[in-house]
Amino acid sequence: MIIYNITQLLKKKAYYFLGFMRASFLGVKLDSSAKVSLWADIKYAAYIGDAVIGKDVSMGKGSYVNSGCIFSAKIGEYCSIAYNVLIGPTEHDISAISMSPNSPILKELNQSADLNLPCPIIEDEVWIGANVVVLRGVTIGKGSVVAAGAVVTKNIPPMEIWGGIPAKKIKARIITCLDVYK
């Protein structure tokens with residue numbers, strides 16, 4: 001059992017190391033503690049900090065992540081993701097017999113305790129504050145802001161500021177254009 005655990009640990013370390021090297025060669029600036037899946041599509045991302053990036057993650061150009069875990073997501077261009085953000089975590093099916101993915105009953109029935117939901121979509125120019133949780137199946141619209149500590153459980157329309165648990169609309173985000181050529 002100990003040898004099996006050591007082997008699994010070494011496989012995981014090698015997996016993230018190869019992902020880290022691949023991202024480095026693709027030009028992504030990485031913190032030394034970043035863990036990047038070998039299958040993540042982040043080649044145009046600006047920066048990955050102290051974060052774990054899963055295999056079902058794609059990031060658009062100029063986006064960055066300070067820290068957190070991104071299990072699955074489609075992240076647009078020029079997005080800013082702050083500290084300790086959790087995006088696309090696995091969610092349990094409350095109608096299943098057991099909540100544990102290791103349940104012998106579920107294995108015997110060949111079932112899963114996890115809901116099969118699509119990954120979250122974060123459109124372009126989105127800012128996600130610190131300690132935010134973004135659940136699977138939601139879309140955060142272009143130019144939106146999610147306040148620190150929010151739990152996003154439903155779609156956020158473009159150009160809105162949301163916060164709270166669960167996240168609710170705080171106000172519309174209105175941009176005024178200044179005439180810089182005067």
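The model is predicted: local features need pLDDT of at least 70, side-chain atom pairs count only at pLDDT 80 or more, and totals for chains, interfaces and linings use all residues. Residues are numbered from 1 along each chain as its sequence is written, and side-chain values use heavy atoms, with hydrogens and water left out.

**Strand E13**
- Strands (E, at least two residues) are DSSP runs numbered from the N terminus, as are helices (H or I, at least four).
- In E13 (residues 160-163), Glu 160 and Trp 162 point one way, while Ile 161 and Gly 163 point the other.
- All four are buried, meaning under 20% relative accessible area (1.4 Å probe, protein chains only).
- E13 pairs with E11 (residues 145-146) in the parallel sense over two bridges; pairing takes at least two DSSP bridges.
- Trp 162 is the bridge partner of Val 146.
- With E14 (residues 168-172), E13 pairs in the antiparallel sense over four bridges.
- Four residues lie between E13 and E14 in this hairpin, and Gly 164 in the turn has a positive phi of about 105 degrees.

**Asn 66**
- Asn 66 sits in strand E4 (residues 64-75).
- Asn 66 counts as buried because its relative accessible area is 19%.
- Beyond four places in sequence, its contacts include Tyr 47, Asp 50 and Tyr 83; contact means heavy atoms within 4.5 Å.

**Nonpolar core**
- The largest nonpolar core has 35 residues. Such a core is a set of buried Ala, Val, Leu, Ile, Met, Phe, Trp, Tyr and Cys residues joined through side-chain atoms within 4.5 Å.
- E3 (47-59) is among the elements giving two or more residues to this core, and E3 gives the most, with five.
- Ile 42, Ile 48 and Ile 128 have the most contacts inside this core.

Definitions and conventions
Buried means under 20% relative accessible area, exposed over 50%, partly exposed in between (1.4 Å probe, protein chains only).
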